[in-house]
Amino acid sequence: MLIVPAGRMANGYKKGLNGADVDFEKTWGILEKAFQEIHTKNASALSFEELYRNAYKIVLKKKGEELYNKVAQFEENWLGNNVRTGIVKHLTAPLMLDGTGRTLNTQAERREAGEKFLKSLKGAWEDHQVCMGMLTDVLMYMDRVYCTDHRQPSIFAKSMGLFRDQILRTPVRPDSPTLLEILTRIILDQIQMDRDGEAIDQFLIKSNVYMLEGLYDSDQEVEDEKLYLRSFERVFLQSSAAFYREEGERLLKESDAGTYCRHAKRRIDEENDRCRSTLSEATTPKIQRVVEDELIRHKMKGLIEMETGVSFMVENDKLHELSLVFDLEARVNPQKPELTKAMQKLIVEMGTNINRNAVAASQATAQPAAAEDAADDAPGKSKAGSAKAINQQTVAALKWVEDILGLKDRFDNICKASFAADQTVSTAINRSMADIINAFSRGSEYISLFIDDNMKKGIKNKSEAEIDATLEKAITILRYLSDKDIFETYYKKHLCKRLLLNKSHSIAVEKQMITRMKIELGNSFTLKLEAMFKDMTLSEDLANGYRNHVRKLGDADPKRVDLGINVLTAMTWPLEAFKSASEQEGQESRAQVIYPPSIDRVRLGFERYYSEKHSGRKLTWQTNMGDADIKGTFPKSKGDKPRTHDMNCSTYAMLILLLFNDLPDGQSISLEEIQVRTNIPMNDLKRNLQSLSVAQKTRLLVKEPMSREINAGDRFSFNENFKSEFTRFKIGVVSAGNKVEGDKERKETEKKNNDSRGFAIEAAVVRIMKQRKDLAHAQLLTETITQLSAQFKPDVNMIKKRIESLIEREYLERIEEAPVPSYRYLA
Amino acid sequence: MSTIEEPWKAECSRDAEGLLLEVGCLFKDPKYSDLRIKCGDRGWKVHKAIICPQSDFFAKACEGGFKEAQENLIALQDDDPDVVHAMLRFMYTGDFDNSENEDNGHSWGMLCVGMHATADKYNVADLGSMAAESLRQWSSHFWAEELFTEVVREVYTNLADRDSRLRNALLSVAAEHVQSLFAYRRHAGFREMVGTLPGFLMALASELAVRVTDSHYPPFTDSDSAR
């Protein structure tokens, strides 16, 4: 059983809860006096408990709102009357603007005055923070109960708003700017000094920035409405943009590109540091964007086009500075459009130059060649000149290839050293390389010539690695080439001559090259080339077989002519390579060449042997491509022994010389007679007679009358007085090596090429249509181009013509009712 | 995070209960205390580390720039020493019982009211709800006593009405015993007091209405309201 207590406890609580009504004015008086003490930094004698208790009592008695308003009023008065005047006092003359918007005083004076002002503002703000912190502690119960229940901002937030309104937003004097505007101006001024290299008190500014970051545009305290963002940062970014715009323009005029890059980079770093040390980290990305805009994005074009810009850097191999430019643009745009454009422009410029030089070189030599063309049968003296000219053209071709490779190496190197092997830029560089290589109409021929030259001479005495590098070079350029079919034509032609004339230095390297091309360009590309090698091997076997066959027959006639033979598959070999442009008509006459019996016997013998092995094949003798080793005996002169010489000459020359074997001494034969007895085409005949009777070192025949040209009615006789210091020599015939084509040849090659392209296009179109049956015109075009792109870039007009032709020949028909032009395959 | 069990570590951890007991014992051990609290004629030597995290009044008093912080002495002028004692004890031990004060189980109700008010004043975590719960239990024992009437009057006249926990506690007990309270003569005092507290009457009527509805009609469902 519990005993009812004496009432002490109950009374005790009653006292706590039920205490008499609070005298608001009196209680507020106590608080106000204490607040005064707090603001004058005399709080240490105050009792927290007492103040808390009084505020608590007021709020408990539902006078929270009155208390709240009283405190706000108190703060407003305090800030307006005491604090503001203290700050305004520091607005000394150097800080005030004159009519022109600039102060008259020196920078140092301005800085000092500004610092004083900033210090006083910083002090006021910090005091306010401390005091309001203490007031908030005392008024905790009011915040918790009154403010929460009535959705009022806490007294701390309220007082911050008061600080903003009373201190920052109130004009210093009527019609003059507010302290906030002045503060912004002063900070900007100090930052400008910092940018100019003068030391400023960064921490002081940072403290003021803290203040702006702690204040909001409205009492709602919305996070992105901080006073710093709303008022200061905007102005800061604007003025910075103006400053850097001006500075960038000035630097573009005054300094060189490398310095500009370094400066821009330094400015960006500086601004980042400034945000960290002086302003707010939140501004870093924004100011960075501003500086990047003004110093890089908007100036990139100007920077690149400067006199000391990118083209100067490339010309002078300023790799480091190029890397600076790259870094700058990479910073603002991962695509690096301006730099890429500039590099492409440079490559095209330099490449066009190379192309132009090559054309110029070929044109410089084209004149004597043209002269020869005009008077093919007349001036013998131009021959040496034109041979030299053609040689010069070959040199031009080699130079072109080397130059192009040099250009590529150069830009590859720049890309690697300066652009961090950037994908975008290197792709663009490659594209431009392809453009200039394909812009050069003789590219295919020149590349093939480059390989030809290396196969014949270039790889002599070179190590495997060096040869490898050379082949790689050729492949490198080849990769860019779009008209691979033209290249194939030239390569076949050149390879043909190398193989048949035994000019190739190493068959192994030739095969290596083919293997590389196979990897690079595909099987179909090298099919015919490989067939050529196969023919060569088969021919060797065949010749050996024949030789054994003859030996077995027991017909060991020592005078029998030995036969070396190359059996060539007709479609694989570009036999026209051996014809000059002027002897197109020679086709039918070739078969009718008249052989002397000793030769004809061998020929027939081989034909017999061959048809035994392969029945049903027809052999066509390409006399114009053969050569012969002959032994010539010359009568002794002035008591010497008869001299013998081993000579190598063309098959034609052999046939001519054999005529003179049977001729009595002192007799001569006319040109016409020779022609009739040998049936050698006139052009070839003249050419061979020229080397036999005109050329100094191989004048085995005497011509009557003596002149440089072979003319109708000329007569020839054996030159008994022939002398040579060599026992073995070669009777050269004009035009045997691989040279740059003449204009006529080129036209022919082009024509031939167009024809074969036409066939390729038709084949592709038929293939596609056979599969698709119906197809729209546009789609057919795209698919055809895709199919053929490995070989060449087909001309759209040519495709259209081919389609027309296919329609005419009733492979396709137009679909009349189709909404878009379409075709149907006719089976 | 690793999910490997680490039984060897579990054995190394301290017995949490023992630790709590030790903390509780600190209340009576002034050895390392760093703050004195005075109220009326009583005084306590306490530890800031225990007190301040549980009440921002004490925290601010100790860290602010006022007299208390320098003297490490807080004098509570307007509070009841017993309530203060119970509050401090609660802060140390988390216990809320009257085992120390024998004899006055009777007055416990009033103490709860005082505790609740103090918890609100000094913003002591968990103390308010603890006091409300305790008052409910006390009321269900002592509803017939005169002191219950006193407590109701006290709560409805003098206590801030923003926290309804105490009121709900009293209301539910009153509703439970409403027949007795309004029928027997010995509760005339209660009825007289109730007459002066329209707020309480209103709340009681609502509470009763809910109870009547609950027992006579099936609870409302969504389909009912749709009809």
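Me: What share of the 227 residues in chain B is buried?
Reply: Buried residues make up 44% of them; buried means under 20% relative accessible area, exposed over 50%, and partly exposed in between (1.4 Å probe, protein chains only). This is a predicted model, in which local features need pLDDT of at least 70 and side-chain atom pairs count only at pLDDT 80 or more, while totals for chains, interfaces and linings use all residues. Residues are numbered from 1 along each chain as its sequence is written, chains are lettered from A and ligands numbered from 1 in the order in which they are written, and side-chain values use heavy atoms, leaving out hydrogens and water.
Me: How many helices and strands are there in chain B?
Reply: Chain B has 14 helices and three strands. These are DSSP runs numbered from the N terminus (helices: H or I, at least four residues; strands: E, at least two).
Me: Now chain A. Where is A:S280?
Reply: A:S280 lies in the loop between α11 (257–277) and α12 (284–297) of chain A.
Me: Is A:S280 buried or exposed there?
Reply: A:S280 counts as buried because its relative accessibility is 4%.
Me: Which residues is A:S280 in contact with, leaving aside neighbours within four places in sequence?
Reply: The contacts of A:S280 beyond those neighbours are A:K206, A:V209, A:E213, A:Y228 and A:C275. Contact means heavy atoms within 4.5 Å.
Me: And A:E25, where is that found?
Reply: A:E25 belongs to helix α2 (residues 24–39) of chain A. With a relative accessible area of 49%, A:E25 is partly exposed.
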